[in-house]
Amino acid sequence: MTVEVTEVHLFNVEREEAQTAELWHAITEQCLADWEGEWLPELFRAMQRLRRAGVDRAHWPQSRHWDWRRKVEVLQGMLANPGFSIVCDGLTQGMMIVDTVKHRGRLDDQQGQHLVYVEFVENAPWNRAELFDPPRYRGVGSLADDRAVVGIERDRLDNDDKFMLHLSQVVRNGLGARAGTCIDPKVQIVDGKGVCVVSCQRSPEPVFLRWKGIETEKDGDFFARSGPGTVKLSLEDSQKYITTRFGTERPGLRMG
Amino acid sequence: MAARRTMTLNLTEAEMAVLVALSEKKEMSKTALLRQALRIYQVIEARIESGDKLLFENEATKEKAEVMML
């Protein structure tokens, strides 16, 4: 069997850095062996800890009774139920089975349309923050969700050029014309659907977000990366950050 | 990318019209629509082989009609 493999990235919590991983478009025998030989023993130990700590059974992992081998055997060969797995450091870090036939959209603008329904998704026990502190990898669930590709066709613009023009205009509206020159959108085909990949260059100057009047500062809000997340800096914090990072003063700020 | 094979599909005008209409209605390419049809056909066959019936139910009247798969 030929298995499609895509390079992806997980966040290694201990090293605080991204780590290359593989998204396998299948659940292989290796995955099932990892589940039986690595996941289950860890899961049992984690449940033992929860029990000894007096945690109610209602809060134990729901997937503790799942039998992935049985699920894969039953759905083997069914085109409607493809499986996916994420492999990193030679070990399976997550598995997912979706259904592409039995569920339809219910939102007004998706009424009756096909959708990808996640039937089963499970993270390796050591990646679950509720079982292991700290977890080993973050991002497994998000990668699994990303397999549900709907394509830019859902935005209902006439063609790819119009989609990219619209995207560029949205970026200019929110971040300004100069910041708009730092992004480079391209359309690629994934699973037969158009997906817009946006490459960003680092801006040589600070960039402020003004979006539909919800910004808290007149000249826009300033965001900075902090670990795996992004935080909005206060007016004074942003000034200090901008002075250190760019050697300029934040526009609109007049300190004492 | 998983190995893909190409085939030529001969359709009548009427069949092609249905394919075009459905692919527009479902906002899918013709290839994606045929793939989806194959998935659904396989699910129906598997369920019927395991002894299930294919029924349509009118949500309002609760009237059920069995679809005979020949």
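Which strands does helix H1 of chain A lie across? Keep that in mind as you click through this predicted model.

**Stop 1: helix H1.** Select residues 29-52 of chain A. This is H1(A), and it lies across E3 and E4 of chain A.

Stop 2: Next, show the strands of chain A. There are 6 in an open sheet, in the order E5-E4-E3-E2-E1-E6. Their pairing is antiparallel. Strands of a sheet pair through backbone hydrogen bonds.

Go to the edges: E5 (117-123) and E6 (137-138) of chain A. Each has a single partner strand, so one side of each has no neighbour in the sheet.

**Stop 3: one pair up close.** Select E2 of chain A, residues 17-24. Strand E2(A) pairs with E3(A) in the antiparallel sense, over 3 bridges. Pick out Leu23(A): its bridge partner in E3(A) is Ile86(A).

**Stop 4: confidence.** Colour chain A by pLDDT. The mean is 83, and 88% of the residues reach 70 or more. Among the elements of chain A, strand E3 (residues 83-88) has the highest mean, 95. Helix H3 (residues 140-146) has the lowest, 71.

**Stop 5: chain B.** Switch to chain B. Look for 2 helices and 2 strands. From the N terminus on, they run α-α-β-β. Of the 70 residues in chain B, 3% are buried.

**Stop 6: where the chains meet.** Show both chains. The contact takes 12 residues from chain A and 15 residues from chain B. On the chain A side, 4 are nonpolar, 6 polar and 2 charged.

Technical notes. Residues numbered from 1 in each chain as written. Chains lettered and ligands numbered in written order. Predicted model: local features only at pLDDT ≥ 70, side-chain atom pairs only at ≥ 80, totals over all residues. Helix = DSSP H or I, 4+ residues; strand = E, 2+ residues; numbered from the N terminus. Buried ≥ 20, exposed ≤ 12 C-beta atoms within 10 Å, placed from the backbone. Contact = placed C-beta atoms within 7 Å. Nonpolar A, V, L, I, M, F, W, Y, C, P; charged D, E, K, R; others polar. pLDDT = per-residue confidence, 0-100. Pairing = 2+ DSSP bridges. Axes fitted to C-alpha atoms, helices over the stretch in contact; angles between N-to-C directions.
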